[in-house]
Amino acid sequence: MNEVSATGPLGSLALSLVRPAASMMVLRAVKWHQGLERLGVTLPFFLVHDVGMIFASPREQYEVGLRADVSVAASRIRDASALLAAYKHLVDELLASEAARRAPDLKMTDDLVIVVLSRLLGSVAARVGAAPPYRSAVPVDAALFDGIDAQLPQLFASARREFEARTLEAIDAGRLFVLTMADALDLDTLRLFGMLGSEASAGAMAQVDMLAALQSPEANDIVNFSLEILPSVLETKTRPAAGSTAAHGYSGIGTRGSIDSLVLTELAWDDLELARRLMDNEVLYYAREQSKDEQKRIHYLLIDASASMRGDRQTFARGMAIATGKKLLLEGEEVAFRFFDSRLYELQRARNGAIPTGYLLAFKGEHGRNPARVFAELATDLDLLRRRDARSPVVHLFTHAALYIPREMVQAVRVHAQIAGVFILPSGNKKLDLDYLDLLNAHWVVDHATLASGSARADAAKTILGESKQSTHDDAPPASLRSGPASVRPGPPSARSPSMRPPPGGAA
Amino acid sequence: MSAGLRPLHELREEARAAYNRGDTARAKNALWQALQQTIAREEDYVVATTDMRDLLLAMNDPRGALTLDWYAGTERSQKNLLPRVPPIDRARTLLAWADRSSDRDRAKSVYAKAADEYEAAGLVAQAAIARERGEDFLRARALWSRLSQILSSTTTDLYAAGLARFNLARTSLRTGDAAAAREAVVAAVHLLEEAADRYETIGQRERAFDCYQVLIAIGRESGEFEHVLEGYVNVNRILREDHLRYYALQSYEEAMQAAERQGEMAAAATLAREMAVYARKEGLPSVANFAMLAQARLWQAVAEAAQRRGVPPQIAENGLLASVIACGETGQYRKVGELYGLLANLPLEEARRTHYARAKERYDDAQNLPIDAAPLPPHLRHEVGFPEVWHVDLVEWEQQGSAAQAAGDIVLDPAQWSDVTRRRAMLARLSALALESIDPNEPPRRFPAQSYIALADQLALVELYTILSPLERLFTHGEASVRVAVVKALSRFLYKRTFITLRAALSDPDAAVVHEAARALEELRFPHAFDPLARIYRESQNRDVRASALRALAKIDTFEAAEMLLGVLQHDSETDRAAAVEALRRSRGMKFTDHARASFGELPDAVKVTVREILHARGVYV
């Protein structure tokens with residue numbers, strides 16, 4: 001190991017105050033270090049390693065204390081003793097912080113740790129004012145770290161250490177700010193990432209989204225609102241449906257199945273009639289309780305991101321979209337999210353049960369709106385989709401009540417998809433007055449007073465979530481269209497006409 | 001007065017003598033020359049206008065005479081002329097009388113008469129405005145309703161239709177018809193949002209800016225804060241994108257205040273945060289600190305409001321934590337300690353409260369760092385408010401590019417415009433009156449091209465935004481020489497809208513028009529001209545046009561322009577590179593020097609040599 005690109009970063013561990021129990025753990029630190037550099041946060045490896053361990057690993061998995069004698073640091077850094085003492089003081093305070101105490105329980109992914117480190121140490125990196133004399137490239141090999149402490153004096157001496165010295169000075173100068181950031185770290189957001197997944201668009205883009213979410217005070221409100229309504233959602237199970245795979249118990253009778261699940265009375269038919277029933281697919285089988293054989297629907301969650309949504313409206317709309325998405329995923333449905341203002345933005349699919357949470361929290365729309373254009377684009381997209389995909393699209397719209405889509409555009413979308421809408425009434429307005437409401441399969445209205453009241457807001461959200469389940473699965477019109485609490489207003493009587501009901505088969 | 005000009009009294013003498021001889025043409029010519037001296041002393045100039053008015057009356061030109069009387073005459077001197085001029089001139093005169101009247105009741109009746117005259121002239125929008133000024137909202141509303149119907153059924157001008165609907169909403173509100181007002185607001189918002197998006201799509205951000213300003217006004221009128229917010233956020237974005245940083249920062253402040261007044265503390269805090277980020281990026285640390293402290297205060301207000309509303313304590317906690325971070329970023333650690341104290345008192349779970357109480361102790365002895373925090377200083381502010389475009393732009397739409405009407409409005413507004421500007425507008429109107437027919441349905445009369453060229457030259461001297469519309473109409477003239485004169489005139493109009501006609505001129509079938517348009521481009525070198533200039537450079541197939549665009553861009557001292565020119569040096573054709581080098585050698589903007597120095601290490605060797613030469617020519621050595 002002679003390359004300074006490896007010995008440079010590794011040698012900085014002579015300044016480290018955290019010794020992990022297993023070499024494998026350090027490999028995560030290598031990944032964090034690379035990730036931070038990609039985000040433009042350049043810091044010595046030892047600092048990323050130490051602070052990362054504190055926030056990502058349980059306390060029993062590492063020891064705290066200098067890994068090399070102070071004299072090693074003093075050989076290259078002036079005032080090493082005082083700077084290391086200041087660093088030790090910071091590490092001790094970080095260890096005592098609530099964030100460090102609780103964060104390891106969150107079992108953060110590496111992407112998330114990188115984002116947290118960027119948030120905490122970004123100001124330190126900005127203060128350093130010096131570049132490392134080496135380009136960091138530590139091989140991802142656990143063997144490198146076996147017994148590395150003995151080699152630290154030699155590794156430390158392999159490169160100039162002004163960068164590390166400037167970093168220790170920056171830590172000393174910015175100690176209070178680092179601690180302020182650590183104390184103010186929003187653990188709920190981290191918890192939400194853990195619950196919903198943060199890997200839907202893994203990689204640098206996911207990190208950027210997550211960092212933006214952590215930096216955004218508005219996102220915290222969405223997180224809290226989501227956490228308020230999610231427990232009811234997490235009880236959702238995959239909806240049982242009749243299937244043919246040999247698992248679970250019998251749930252009913254169907255016309256598909258294998259010979260071992262044939263209803264025995266079928267054998268009572270004479271041979272000719274049995275043959276005819278087999279040919280006409282009339283033979284009955286016991287059906288199993290399990291998930292559907294194949295997906296039949298794809299849900300598009302369309303969220304208004306125009307500037308007029310800022311504030312409580314944005315919190316409600318995005319919180320609802322997150323909860324609805326999670327609920328649908330748990331039911332085994334396929335889900336994709338799209339923001340719109342005057343443009344219809346790129347589709348973000350939920351993958352492997354994970355929602356693109358960072359994206360949903362951090363997306364910032366700054367344009368006005370042009371519903372005619374957006375819904376024309378949506379209709380075209382859905383038309384193309386239907387040509388190559390047999391699944392039925394369901395559009396869930398989250399917006400405020402001043403979304404004046406031309407009626408013919410709603411009709412164009414309605415040709416291809418079922419539509420349900422959640423409308424937030426503007427301040428100072430008490431009535432939803434849109435000429436296309438009767439074209440929607442279901443819609444709910446939330447007024448300004450409800451948004452301003454915490455419990456009413458959560459109740460409204462839970463009511464909609466409960467009813468949307470009915471509206472997307474049952475043949476009957478959703479309960480909201482028949483009755484509902486005052487804050488969640490039912491739609492107009494016209495929306496109850498039979499023609500507006502979901503088609504037989506349960507598709508939305 | 002320059003050596004070639006004859007004194008005014010001499011010209012007046014000549015006119016008087018010619019008139020006495022019965023040579024009215026010569027008399028008119030002498031007075032016309034006298035009036036061209038638009039920087040003459042006011043007393044001398046007024047006498048010349050009076051002479052010319054009397055002469056035109058004698059020559060049976062009451063419209064011209066009234067125009068001259070508008071400059072320095074009185075109600076008494078104009079009264080006798082009114083029966084001899086068409087309704088449109090009577091209406092304009094009456095409107096000016098009413099505007100100047102200090103007797104409110106009399107003013108109302110004069111506004112009503114002006115409105116009647118406008119209606120007689122078939123000018124619905126201007127009639128409605130006169131009714132509004134006379135506080136006759138019921139009849140104004142009927143007129144706006146009529147105009148809305150006309151615009152919805154006959155034009156594709158979404159912007160004008162949106163403005164008419166907004167005026168209908170305003171007047172419906174004033175007449176107590178809330179349902180009609182609501183319906184009109186819905187339609188206005190819909191039309192303006194769509195118009196704004198279309199304008200942005202075709203690169204006319206300045207027109208979209210107007211749409212969003214109207215959206216703010218709609219939100220204020222209707223009490224729907226969502227429209228105010230959408231308007232402000234987009235206005236701020238456009239101002240940022242156009243590098244109008246002081247306007248943008250001022251607009252951020254206004255938006256914050258509007259949100260705060262409405263009790264929308266979270267929206268106000270978000271705007272403060274964006275303002276802080278933008279001010280820091282623009283190198284204005286004291287404004288950034290001011291915005292950051294405002295953000296801290298507003299997030300704390302969010303927390304207090306949340307507690308009052310009885311929402312879950314986590315919402316208040318979020319507000320206080322956001323305030324902690326804002327204070328931390330400005331080094332206000334004592335305040336951070338106080339905020340942790342508030343957090344420790346929230347009804348949160350015990351572990352969290354203990355954590356906050358412990359965190360508070362850390363700041364017991366902490367001090368606030370001394371920082372410079374101040375709002376945008378008064379000398380960088382623009383106190384002129386946004387015009388009432390819902391009136392102004394509909395008037396422009398209704399005038400259909402008439403130079404006589406646009407210039408007439410300027411002459412009649414001494415409160416807003418200087419004497420020199422009004423004199424120039426008066427001359428332009430006198431020229432236009434002869435060329436324009438009163439009745440829009442009347443087939444256009446044809447005059448020699450020279451008459452239109454003279455009009456374009458006179459309009460050029462006015463240099464006001466309202467003159468763009470007449471120039472745009474003149475540009476549609478069939479004679480290339482007229483179009484050349486228009487393009488030459490446009491080079492004096494430093495507005496983004498100017499580029500709309502210039503871009504059309506750049507693809508004119510006549511080479512002389514294209515050549516003049518390329519020259520005009522080089523005069524339009526203001527910071528927010530970057531986008532249209534860059535677009536012209538990228539889209540033009542004509543290398544002379546591209547070179548002109550590069551010359552103009554080299555004189556714009558913004559980072560975007562510097563970045564683009566460095567890109568041209570690296571990637572574009574040899575001809576374009578040569579044009580860029582020449583332009584950069586002559587310009588003195590520091591942004592290019594800074595950017596070139598910062599990127600120097602990463603440039604290919606050949607480009608390094610070029611950049612070094614350019615910087616050497618400016619006396620900078622790398």
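How many salt bridges does the count come to over all chains? In this predicted model, the count comes to 90 salt bridges over all chains, and the close-up views below show some of them.

**View 1. A salt bridge in chain A, between Glu162(A) and Arg160(A).** The side chains of these two residues meet with a distance of 3.5 Å from N to O. Glu162(A) has a relative accessible area of 37%, and is therefore classed as partly exposed.

**View 2. A salt bridge between two helices of chain B, formed by Arg26(B) and Glu14(B).** The side chains of Arg26(B) and Glu14(B) meet at 3.3 Å, taken from N to O. The pair links distant parts of the chain, since Arg26(B) belongs to helix H2 (residues 24–35) and Glu14(B), twelve residues apart from it, belongs to helix H1 (residues 8–20). Arg26(B) counts as partly exposed because its relative accessibility is 43%, whereas Glu14(B), with a relative accessible area of 19%, is buried.

**View 3. A salt bridge between two loops of chain B, formed by Arg492(B) and Glu463(B).** Here the side chains meet at 2.7 Å, N to O. Arg492(B) lies in the loop between helix H25 (480–490) and helix H26 (498–506), while Glu463(B) lies in the loop between helix H23 (449–462) and helix H24 (468–474), so the pair ties together parts of chain B that are 29 residues apart in sequence. Arg492(B) is partly exposed, at a relative accessible area of 37%, and Glu463(B) is partly exposed too, at 33%.

**View 4. A network of salt bridges in chain B.** Salt bridges with shared partners join Glu200(B), Arg205(B), Glu206(B), Arg237(B), Glu241(B), Asp242(B), Lys496(B) and Asp531(B) into one network.

Note on methods:
Residues are numbered from 1 along each chain as its sequence is written. Chains are lettered from A and ligands numbered from 1 in the order in which they are written. This is a predicted model: local features need pLDDT of at least 70, side-chain atom pairs count only at pLDDT 80 or more; totals for chains, interfaces and linings use all residues. Side-chain values use heavy atoms; hydrogens and water are left out. A salt bridge is a side-chain nitrogen of Lys or Arg within 4 Å of a carboxyl oxygen of Asp or Glu. Buried means under 20% relative accessible area, exposed over 50%, partly exposed in between (1.4 Å probe, protein chains only). Helices (H or I, at least four residues) and strands (E, at least two) are DSSP runs, numbered from the N terminus.
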